[in-house]
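Please open the model in your viewer and follow the selections below in order.

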Amino acid sequence: MRISLTVNGVKRVVDVKPNERLLDVLRYRLGIKSVRAGCLVGDCGICTVIVDGKLVKSCLVLAAEANGSNIVTVEGLSTNMRPSPVQRAFVESFGYQCGYCTPAFVLTAHWITENMVNASDEEIARVLNSVVCRCTGYKQIVDSVKLALKWRREGGER
Amino acid sequence: MSSEFRYVGQPVKRFDVDKVYGGALFASDIELPGMLWIKLVSAPYSHARIKRIDCSEALKIPGVVAVFTGEDFPYKVGIYAADRDVLARGKVLYYGHPIAAVVAESLDIAEKAAETIDAEFEPLPAVLSIEEALSPRAPVIHERLGEYRRASFINPVPGTNIANRVKLRKGDAQKAMEDVDVVVEETYRSDPQSHAYMETWAGAATIRSDGTVEVWSSHQSPFAVRNLLAMSLGLPVSKIVVHHLYTGGGFGGKAGLLLEHIPVLISMKLGGRPVFLQLNREENFYYMAQKPGFLFKMKTGATKDGKLVFHIGEYYLDAGAYADYTVNVIRSSTFMATGPYEIPHIHVDGYAVYTNKVPTTAFRGFGILELTASFEQQMDILAEKLGIDPIEFRLKNALKPGVSITPTQEVLAEDAGDPAGVIRRAAELIGYHIPPQRSEEPWKVRGKGIAAAWKGPVQPPNAASSAIVKLNEDGSVDVLVGTGEFGQGTIIALAQIVAEELGIPVEKVRISPYRSTDLVPYTWQTVGSRGLYSDGQALIRALQDLKDQIKEVAARAFNVFKDEVEIRDGKACVVGKHSECIPLERLALGYTFPSGETIHGPIIGRGSHVPSGTTYLDPETGKGNPKPFVTFVAGGVEVEVDLVTMQVRVLKAVLVTDARIINPGLAEGQAYGGILMGIGLALKEAIGFDEIGALRNPSFLEYRLPRVEDMPVEMIFESLNVPQRNAPYGAKGIGELTALPWQAAIANAIYRAIGVRVKEYPITPERLLKAVKEQRPDILTELRKIMVGV
């Protein structure tokens with residue numbers, strides 16, 4: 001079946017099988033490699049993308065269900081090769097190591113800055129709890145989110 | 001240290017930013033033109049003879065290219081003992097053992113075809129624990145154990161399930177038993193646990209028309225993959241190229257050869273066609289080797305003034321069906337023998353034992369995790385029996401650099417570090433002697449605990465590394481090293497060293513995270529917290545070579561002697577004359593005189609390193625020097641035990657190391673990561689087996705990893721910055737060290753909170769409740785009163 005998706009601002013029309021996961025369509029049919037599989041059953045959150053403004057585990061959604069939706073992946077946060085403040089905050093705060101879960105955390109952080117600009121530590125933790133990282137111990141990821149929020153509240157980077 | 005240098009010691013940002021911005025490539029992202037997909041088929045028995053495998057239905061399915069079984073690949077693989085079949089041959093040795101590989105045009109087709117494979121088995125009695133495996137009546141899992149190719153220092157016992165037996169003898173422990181006042185004899189255990197790196201294993205292979213085998217895979221050490229492929233499959237090294245992309249976590253679980261031989265052999269059978277194998281999460285729990293479970297028995301004695309006198313140990317690792325690195329992990333536990341303390345009489349026997357369970361391998365800490373989890377509880381128990389404060393007891397016995405004799409009977413090097421210092425500082429930072437604040441809820445009880453550890457790389461004496469530095473025509477530098485990038489960020493620290501040595505901005509140093517074995521110089525492996533030390537030493541030598549050439553060319557340009565030239569701020573200058581300088585870019589391709597005459601040509605530095613003074617160990621006693629350096633750490637925790645749920649939460653964790661730090665941002669990342677991993681290993685993570693040996697929890701729903709909610713409220717990392725001799729800027733590795741103290745520190749803190757000691761990891765609510773019922777039933781009676789009162 002044919003579906004249409006707006007991915008990072010670009011309209012994409014793609015033929016998919018009815019049982020195909022959104023994850024696989026983004027990754028294999030559209031070549032967006034930052035969308036990665038961790039468990040394929042919704043436990044780890046590594047395949048998280050933003051669908052119509054919501055954080056979604058793309059392994060739990062059929063591509064057909066996402067027909068007509070607006071999807072943002074980590075590639076879509078940069079504009080004209082210039083990384084977004086959230087992305088820069090992750091570099092600034094050492095918020096990543098092996099990088100495999102990083103797109104999911106960056107997108108989650110982006111969602112927090114868009115939707116919870118005054119989030120408390122507990123609220124940040126509750127949202128970040130949906131993604132697993134084995135390398136960082138989370139501290140520098142949380143620091144990255146807080147830095148991005150601070151920049152956001154102060155209206156710009158530093 | 002920070003003021004002395006411009007880059008070394010500074011939190012220089014990671015430059016592998018494509019992980020954050022998009023574009024980072026992992027082995028799992030590889031797509032080769034015309035690539036076929038592999039799906040493995042596994043056996044539903046933990047020990048059985050294979051009577052028949054029928055692949056005919058699978059071969060009828062359109063899109064299926066081939067199906068292979070064990071007999072197609074008569075090779076044995078394994079790093080220290082070649083005990084592993086490519087696919088099961090004759091027998092299956094564990095539940096989930098791959099018996100066939102289906103190759104198809106798509107993963108979908110391969111998966112469907114895999115379901116049609118029909119196999120018949122004759123079940124054999126299975127061995128599912130260390131104790132069963134050691135019983136004289138136990139079925140022997142590896143019947144041809146004695147015939148396996150193995151390293152000279154591996155001693156299997158043919159006719160048994162012992163994959164390796166290791167001995168350490170120092171002094172006379174039996175005799176010394178008469179000279180002590182207090183003896184503690186205990187047994188510590190752990191379930192097998194999982195590296196649970198986020199990238200499941202993936203690998204692709206193809207054969208070029210000239211016969212070159214090309215491999216892209218998720219691994220830590222590209223040169224180890226090349227070496228082991230060559231050795232196992234009988235291929236010349238010159239015909240293998242291993243490509244290293246980003247690797248999504250390793251923690252020891254991707255240290256050597258993983259499953260690369262499967263796509264390689266399949267590609268060879270299919271005329272070199274590109275093939276790809278990627279495991280899903282459940283398969284990764286079954287097909288990739290895990291952290292062995294352990295059983296450590298210890299008897300330790302001290303005099304009443306608190307001096308440790310003897311230690312007798314029997315250490316067992318549950319190696320599973322294939323032992324991979326585990327045969328060497330047990331050497332590591334045995335040869336370190338105790339914690340960072342001097343004990344005159346030590347007698348330890350170590351065993352890696354085959355069982356019909358998932359294969360096992362190295363894990364961050366390489367045997368010292370198990371040792372620390374056990375011995376640091378032993379220290380607290382001894383201290384209590386002696387009536388001595390646990391910190392004082394540790395300090396009294398802590399190794400003394402330049403004085404103490406190690407378990408392998410060498411004098412501990414003078415520059416070994418500060419064993420007592422890290423313990424003292426960790427105790428201070430956690431406020432060990434200050435009672436914890438009371439929880440507001442009376443059913444939650446707090447306690448503080450500490451543990452210390454030491455570790456160095458476990459490597460053969462010839463574990464070498466090398467580096468190449470190229471000066472570019474804009475004064476920037478390209479660095480070629482062989483170490484793998486899987487999160488540690490060693491390449492950032494190496495770039496800082498280059499910037500420091502040449503006085504150029506760190507942005508002008510390029511070290512690609514991607515590498516191929518035919519394009520970068522050799523390094524043995526990326527394991528054992530050795531990367532910064534080993535590759536760093538090679539790099540410093542390459543930089544010396546580079547600078548030497550720069551000085552030589554500049555000296556001719558200035559018409560001075562070579563030793564009158566110095567390199568500073570990216571320029572070659574005549575010593576003491578600020579006006580006479582040539583920027584490095586003008587020397588990169590050699591120097592051109594006004595006449596046009598040009599000298600030297602492009603400047604390329606090269607350096608090699610192999611640690612000096614390390615030796616093989618005596619097989620009967622363990623005597624010798626196994627390590628080029630050791631690092632010391634101590635960790636302190638404050639925990640809160642919820643007596644209603646029996647859940648333990650770590651409120652605060654402090655980690656102190658003696659290592660010099662090149663990049664505090666990276667080092668903190670290792671520290672926090674080590675702490676959370678330690679919390680998981682201490683409290684949550686266990687690979688469970690059912691009665692027939694199948695995994696109970698091959699998913700992240702049931703294999704519970706630490707999440708943000710498990711983060712302690714406060715984490716502190718400190719370094720005493722003790723310089724190591726013959727090391728890059730005095731730095732040594734900390735990656736594994738950061739994970740070591742937590743299991744014992746948490747167990748000790750639980751004891752100090754509620755007087756209950758749990759000697760089996762992980763300390764799950766079930767285990768803690770059982771221990772409370774056995775050791776302190778009064779707590780539950782008291783709790784009932786409190787709850788009724790509430």
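How many salt bridges are there between chain A and chain B? The count is six in this predicted model. To view one of them, select Lys13(B) and Glu92(A): this pair forms a salt bridge, with its closest N and O atoms 3.9 Å apart.

Next, display the whole interface between the chains. Here 44 residues of chain A are in contact with 58 residues of chain B. About 4000 Å² is buried between chain A and chain B, and carbon and sulfur atoms give 59% of that area. Polar contacts across this interface link 23 residue pairs, both residues being at pLDDT 80 or more. On chain A, colour helices H1 (22-29), H2 (85-92), H3 (102-115), H4 (121-128) and H5 (139-153), each of which supplies at least two residues of the side that touches chain B. H2(A) gives the most to that side, with five residues. By class, the side of chain A that touches chain B comprises 23 nonpolar, 11 polar and 10 charged residues.

Now turn to chain B and select domain 1 (18-23 + 461-609), domain 2 (31-124) and domain 3 (293-459 + 616-785) separately. The C-alpha centres of domain 2 and domain 3 of chain B lie 39 Å apart. Their contact takes 11 residues from domain 2 and 16 residues from domain 3. The area buried between these two domains is about 1300 Å², with 61% from carbon and sulfur atoms. Select Tyr80(B), Asp83(B) and Tyr94(B), which supply 40% of the area that domain 2 buries against domain 3, more than any other three residues.

Finally, inspect the polar side of this domain interface: zero salt bridges are found between domain 2 and domain 3 of chain B, whereas eight residue pairs are in polar contact.

Definitions and conventions:
Residues numbered from 1 in each chain as written. Chains lettered and ligands numbered in written order. Predicted model: local features only at pLDDT ≥ 70, side-chain atom pairs only at ≥ 80, totals over all residues. Heavy atoms only, no water. Contact = heavy atoms within 4.5 Å. Buried area = accessible area lost by both parts, 1.4 Å probe. Salt bridge = Lys/Arg side-chain N within 4 Å of Asp/Glu carboxyl O. Polar contact = N/O pair within 3.5 Å; in protein donor to acceptor, adjacent residues only side chain to side chain. Helix = DSSP H or I, 4+ residues; strand = E, 2+ residues; numbered from the N terminus. Nonpolar A, V, L, I, M, F, W, Y, C, P; charged D, E, K, R; others polar. Domains from an automatic or database assignment.
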